[in-house]
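Q: Hi! I'm new to this one, could you walk me through it?
A: Happy to, let's take a look together.

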Amino acid sequence: RYRQYAELMRQCAQQVVATQGLEPQLVAWWSFDEPAGTLWALDYTGHGQGGLVKDAERVPGFRGQALACRGGCVTVPPGTLRFPLRAITVECWVKTEAAGQTDKWFANNVYGNGAAGFRLGLSEGKLCWAIPQTPWSHHLVADEPLPLGRWVPVVATYDGDVMRLYQEGRE
């Protein structure tokens, strides 16, 4: 089992670069365009920060493929993203079919006592962005629920002082 796990970690750490070019300061980018059944999601920035796909499947996305998580996730090995955060932007396209979801995270790097990291997801069907400074603090929640049944662009930012959350280009 260890050898299988070590091989999966080696696959996740592949250093690949997207052909269309990327912003030079981009830390990670997961497109989920690997073949169906692939157990990892590669990071296409060349930084080798891929993750393991667990209980999720690739489906048609807004562009290329997406992950239908349904309780699953992609886990990026610990230690790849550095903290404390000075500034961060997380951008993605999301689509949900279920209203009122809570504690469902598109990107989650808050662990342990909940006092550091970031996470972007849903709280009572609304977008939620968290940059905790103390255990489980500093959540920003959108005013409107995420629309159902269609792809929605989402951006969450933190500049070291201010957290912002955008849904379809509106703050």
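Q: Which order do the strands of the open sheet of four have?
A: The order is β7-β8-β9-β10, with antiparallel pairing. Strands here are DSSP runs of E with at least two residues, helices are runs of H or I with at least four, and both are numbered from the N terminus. Two strands pair if DSSP finds at least two bridges between them.

Q: Which are the edge strands?
A: β7 (104–108) and β10 (139–145), each of which pairs on one side only. On average, neighbouring strands of this sheet are turned by 20° against each other, direction ignored. Axes for such angles are lines fitted to C-alpha atoms, for helices over the stretch in contact, and angles run from 0 to 180 degrees between N-to-C directions.

Q: Over how many bridges do β7 and β8 pair?
A: Four, in the antiparallel sense, with β8 covering residues 119–123. W105 stands opposite G121 in β8.

Q: Before I go on, what kind of model is this?
A: It's a predicted model: local features need pLDDT of at least 70, side-chain atom pairs count only at pLDDT 80 or more, and totals for chains, interfaces and linings use all residues. Residues are numbered from 1 along each chain as its sequence is written, and side-chain values use heavy atoms, with hydrogens and water left out.

Q: OK, zooming out: how many helices and strands does the chain have?
A: One helix and 12 strands. From the N terminus on, the elements run α-β-β-β-β-β-β-β-β-β-β-β-β. The radius of gyration is 16 Å, close to the 16 Å that the globule rule gives for 171 residues, so the chain is as compact as a globular protein of that length. That radius is taken over C-alpha atoms, and the rule is 2.2 Å times the number of residues to the power 0.38.

Q: What does the C-alpha trace span along its principal axes?
A: About 45 × 35 × 35 Å. Buried residues make up 35% of the 171 residues in the chain. Buried means under 20% relative accessible area, exposed over 50%, and partly exposed in between (1.4 Å probe, protein chains only).

Q: Let's switch to the helix. Which residues of α1 are buried?
A: In α1 (residues 2–12) they are M9, Q11 and C12. They cover an arc of only 160° around the axis, which puts them on the same side of α1. The arc is that of the directions from the helix axis to the C-beta atoms.

Q: And what do those buried residues pack against?
A: They pack against β1 (40–41) and β2 (51–54). α1 lies across β1 and β2, running at about 115° to β2.

Q: Which sheet do β1 and β2 form with β5?
A: An open sheet in the order β1-β2-β5, with antiparallel pairing. β1 and β5 (73–75) stand at the edges, each with a single partner strand, so one side of each is left without a neighbour in the sheet. β1 and β2 pair over two bridges, and A41 stands opposite G51 in β2.

Q: One last thing: where does D33 lie?
A: In the loop between α1 and β1. D33 counts as partly exposed, at 39% relative accessibility.

Q: What is D33 in contact with, leaving aside its neighbours within four places in sequence?
A: G64 and Q65, where contact means heavy atoms within 4.5 Å. D33 and A66 are 33 residues apart in sequence and 7.4 Å apart in space, C-alpha to C-alpha.
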